[in-house]
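Please keep the sequence and the model in view while reading.

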Amino acid sequence: MLAERMKSLAPSSTLAVQAKAKELRARGIDVISFGAGEPDFDTPARIKDAAVLAMQRGQTKYTEVGGILELRAAVCAKFKRDNDLAYEPADVLISVGAKHTLFNLFTAVLDPGDEVLVPSPYWVSYPEQVKLVGGVPVAVTTDERTGFDLDPERLRRAVTPRTKVIVLNSPNNPTGAVFSRAALEAVARLAVEHDLLVVSDECYEPMTYDGRHFSIAQLGADVKARTLVVNTCSKAYAMTGWRIGFAAGPRELIRAMTDVQSQVTSNPSSIAQWAAVEALAGPQDDVATMAAEFDRRRHIIVEGLNALPGVSCVMPKGAFYAFANVSGLFGRRAPDATAALAGSGDVTEFLLTHAKVAVVPGVDFGSDAHVRLSYATSTELIRQGLERMASALKLLA
C-alpha cells in the first residue's frame with residue numbers, strides 16, 4: 001500500500017519526545033521535558049491583537065499563494081534592518097513554517113540522485129526531506145573541540161559531480177554552534193567555485209549570544225545570488241503554532257518554490273500572516289527580552305551538565321539547546337538493566353525511566369555520543385531536571 005520511500009523515512013524524534021512527555025503527564029507522571037524546540041514564552045500581546053484585528057476586518061480569505069504583499073514587504077524590511085540585505089517582495093516566499101519552506105526548496109531543485117551536503121550534527125528534518133524527494137543527503141562531520149564550527153576542508157572533500165546544495169544552519173540546532181565568519185567565507189568560495197546553491201537556515205538568528213548574527217548572504221553579490229536565506233516567526237516571536245516561515249533568494253528559485261506551494265498548501269493562514277506583519281514591523285523589545293533570558297539559562301544548564309559525572313557540554317553560542325556528550329556513561333549499567341548503556345537512545349530511556357526527565361537522543365541528529373536538551377523552559381525546571389539527573393546517575397554501576 002505504501003510507497004517504497006516510506007520504508008526509509010524516520011519520524012521526527014523531537015516531536016516524538018514531546019508527545020511521550022505529554023502522554024506520561026496525562027497519566028499523572030511528573031516528567032520534566034527538555035525536548036521542546038519552542039520558546040516557553042507566550043506570543044506577545046501586540047501580535048495576538050493584530051490577529052484579532054485581521055479577523056474583525058474580514059481578512060480571512062485566500063491570499064496570494066506566496067503571501068500577502070504587506071508581509072513580503074515586512075520581510076524585506078527585516079532583512080535590510082537586521083542583515084543589511086536588500087530584497088524586493090518578488091524575492092520572498094511566505095510558507096507554513098520554515099520546515100515547509102525547506103520542503104518547497106528541495107522539491108523545486110533536487111532531481112533523483114542529487115546530493116546535498118549537510119554539516120553534522122544536523123536538524124533531524126534535513127536528511128529526511130532530501131530523501132523524500134529522491135535526493136541524497138551527505139553528512140559532513142564537525143568537531144566538538146571547535147564548538148561544532150564548520151569544517152570547510154571536509155565540505156570540500158565531500159563535493160562530487162552530483163553535489164547541488166549546501167545546507168547551513170547557524171545558530172545551529174542541535175549544537176547551538178554559531179559558524180565563524182572565516183568558515184562561512186571558505187564555504188562561500190566553495191559554493192561559487194562549484195556552482196552550488198547555499199541554503200542558510202537562520203531561524204535562531206535572535207538567539208546569537210556572543211556578538212551579532214552574520215549571514216553568509218552578506219558576503220557579496222555573487223554569494224547572495226546563490227543563497228536562499230530561510231527564517232521564521234516561530235522562534236523570535238514565540239509563534240511556533242502560528243506556522244509562518246519565510247525565505248528570500250534568487251527570484252527564479254522563489255518563483256519555482258511558490259509554484260510547488262501552490263499545488264500543496266496554497267497560502268499560509270491569512271490571519272497568521274497579518275499577525276506576522278506586526279511581529280516583524282512592530283517593536284522588537286520582546287525579542288531582546290526573550291533572548292536575554294535564554295542567555296541566562298544557557299549558563300545554568302551547561303554548568304549543571306558539566307557537573308554531572310560522565311557528562312560534558314560545550315557552551316552553545318546560539319539557539320536554545322545544549323548538546324551534551326554522554327559517551328562517558330556508555331558501558332555503565334542501571335541496577336534493573338540487562339545490558340549496559342551503549343548509545344544516546346539508551347541514555348535517553350534511562351533518564352526518562354529513572355529521572356523522569358525527557359531529552360532527545362543525539363543519534364537522530366547525527367551523533368550517537370550526545371543528547372539534546374532544550375533550555376526553553378523555566379530556570380526552576382532546569383534546576384530540578386539537573387538535580388533529578390544527578391540522582392539517577394548515582395544508580396549506575
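How many nonpolar, polar and charged residues are in the lining of the largest pocket?

## The largest pocket

The lining of the largest pocket has 8 nonpolar, 11 polar and 7 charged residues. Here Ala, Val, Leu, Ile, Met, Phe, Trp, Tyr, Cys and Pro count as nonpolar, Asp, Glu, Lys and Arg as charged, and the others, Gly among them, as polar.

Gly 37, Lys 99, Trp 123, Lys 235 and Arg 243 are the closest to its centre of the 26 lining residues. On a 1 Å grid over the protein atoms alone, a pocket is an open set of points where a 1.4 Å probe fits, with protein on both sides within 12 Å along at least five of seven lines; lining residues have an atom within 4 Å of a point.

## Basis of the model

The model is predicted: local features need pLDDT of at least 70 and side-chain atom pairs 80 or more, while totals for chains, interfaces and linings use all residues. Residues are numbered from 1 along each chain as its sequence is written, and side-chain values use heavy atoms, without hydrogens and water.

## The second largest pocket

The second largest pocket has a volume of about 470 Å³. Among its 21 lining residues, Asp 82, Glu 205, Pro 206, Arg 212 and Val 287 are the closest to its centre. By class, its lining has 10 nonpolar, 6 polar and 5 charged residues.

Technical notes. Points joined across faces, edges and corners; volume = space filled by probe spheres on them.
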